Amino acid sequence: MHALRPLLRKSLFNLFAASLACAALLAPRAASAEALLLIEADSGKVLQADNATIPWYPASVTKIMTAYVTLKAVKDGRLTLDTLFTVSPTAASQSPSKMGFRPGTQLTVDNALKMMMVKSANDMAVVLAEGVGGSIDGFSAIMNDTAKKLGMTQTSYVNPNGLPADGQITSARDLGILARAFLRDLPEYEYFVHIPAIRFGKRVTGNFNKLIGRYPGADGFKTGFICASGYNLVASATRNGRRLIAVVLGASSGTARAVKAAQLLERGFAQDNLTWLRPSLGTVDNLVPVDASPPNLRDEMCGPHRKRPASDDDDALIAANGGATGSASATGGEAQVTFFTAGLQPPLMMKASELMASAPAAAEPVLVYTGPTRTGTALIAAVAADADQQAASKPRGKKSRVAKKPDAADKPKDGHKDAGKDTKTAAVKPDAKSEAKSEAKSSAKGDAKTAAKPAGSKHAATKHDAAAKPAEKPAAGGDQAAKPAKPKAATKPAAAAKPANNS
């Protein structure tokens, strides 16, 4: 009997270890894991659910609810798409990504919605909120009431754009419910969730949802990112009359979320003829919520290990770079996965990362503009006026020429040859840095790249002039003043200033 005791202890230890391993597998995944959901749009049937009922920070997918509430007001006749709203100081003060209009600027509900859904403009979300609800708090109350009516039991809102706030919470389950409600209740306004690109003046901004124009059948919805949430995406696609909705929360990059959404959708379409082989997961409304705090991914997404500040569209240059950043590491190791569809459809023999890295299908950008609704020649004049205003905001004079030097240093990277193009490129960069500025304000690199505003350029130019003055004064003061300056090498201050502005 005594001889059996060590063996018994060992068996009990092994059993205990096995129990712990099983518990780890069955428990919700770590905070760094993603939340995934795939459902049928018509029936709400769940095809896949991983961490789908764990609370999560929504980031800019909040704007789906902002659009839903606004368009419900339009449908109910409380306002029209032509209704004019005014940019308030509160709206103008929102963190990027934003349009950057001055307080007092007016624009229609239609244009504000397009700017919000494509560019993810935080200022436009506040313009709509104040116009519909009277204030951010008033509109948030409407959002919360709407969420409750739709059965979004894990969702609460405190702002209309998803900028960081402790009380701004949702889940993949609730976002699936919201996407279904949008398609069911607002089919006539579905256009707003799949606009490929907008043109404001001379600036063209593509949709941050990389599936639009790349994944066959993609027809909606919205992206989101803050450091605490990671990269979020709600996406929909339709094939052979069957529409699916995929939700990805907490992906590691803009490309990764698009790739994972494409994989979910493809898997769902492939199951079309094999659903009888899979156990039923019920409907999205019946998924049981998990009572927990949302994971905070700030350190993982925006920590010092990142080579550059994260943003909602950090992979904006993938297509231009030939897909160089679309690696297996960035897409969760899917390098060997290829798409296929069920039935007699030919297989889509392309890796998900390659598909997302390719250039989107050619599409004419939708014109957006300030002021009242216009058509014909009046619309052309309005677009030209916005373009002229953009051109007028460019830096001028001696300070502009000094401030241009850092752009020249970046020339190999940008490939631009003149100041006009440089200014244009700088104006587009906030799209690629979007919400990073609000979440990574301490990053000098993010601040430098978003300094395309006129005020910012003027400040930078003044700084250069101040740095140059010590070198210029001795030259103007005569031979005696010039001699002491020689050993100090008058060009050194300019050389020292370069790295700070080339970051």
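1. In this predicted model, three strands make up an open sheet, ordered β6-β5-β10, with mixed pairing. At the edges are β6 (203-206) and β10 (366-368), each of which pairs on one side only. From one strand to the next, the twist averages 30 degrees.

2. Strand β5 (residues 197-200) runs antiparallel to β6, and 4 bridges join the two. As background, strands of a sheet pair through backbone hydrogen bonds, either parallel or antiparallel.

3. Which helices lie across the sheet strands β5, β6 and β10? Helix α4 (residues 109-119) does, running at about 125 degrees to β5. Helix α11 (residues 376-392) also lies across these strands, at about 70 degrees to β10.

4. Helix α2 (residues 62-75) has 14 residues, which at 1.5 Å a residue should span 20 Å; its end C-alpha atoms are 20 Å apart, so the two values agree. After α2 comes Gly77, which has a positive phi, near 85 degrees.

5. Is α2 largely enclosed or open? It is largely enclosed by the rest of the structure, because 12 of its 14 residues are buried. Among them are Thr62, Lys63, Met65 and Tyr68. The cover over the buried residues of α2 includes α4, α5 (122-133), α6 (136-150), α7 (172-185), β7 (218-226) and β8 (230-239).

6. The largest nonpolar core holds 95 residues, and Met65 and Met124 touch the most other members. Beyond its neighbours within four places in sequence, Met124 contacts Val87, Met99, Phe101, Leu107, Ala112, Met115 and Met116. In soluble globular proteins, nonpolar side chains tend to be buried together.

Definitions and conventions:
Residues numbered from 1 in each chain as written. Predicted model: local features only at pLDDT ≥ 70, side-chain atom pairs only at ≥ 80, totals over all residues. Heavy atoms only, no water. Pairing = 2+ DSSP bridges. Axes fitted to C-alpha atoms, helices over the stretch in contact; angles between N-to-C directions. Contact = heavy atoms within 4.5 Å. Core = buried A, V, L, I, M, F, W, Y, C linked by side-chain atoms within 4.5 Å. Buried < 20%, exposed > 50% of the residue type's maximum accessible area, 1.4 Å probe, protein only. Expected span 1.5 Å × (residues − 1).
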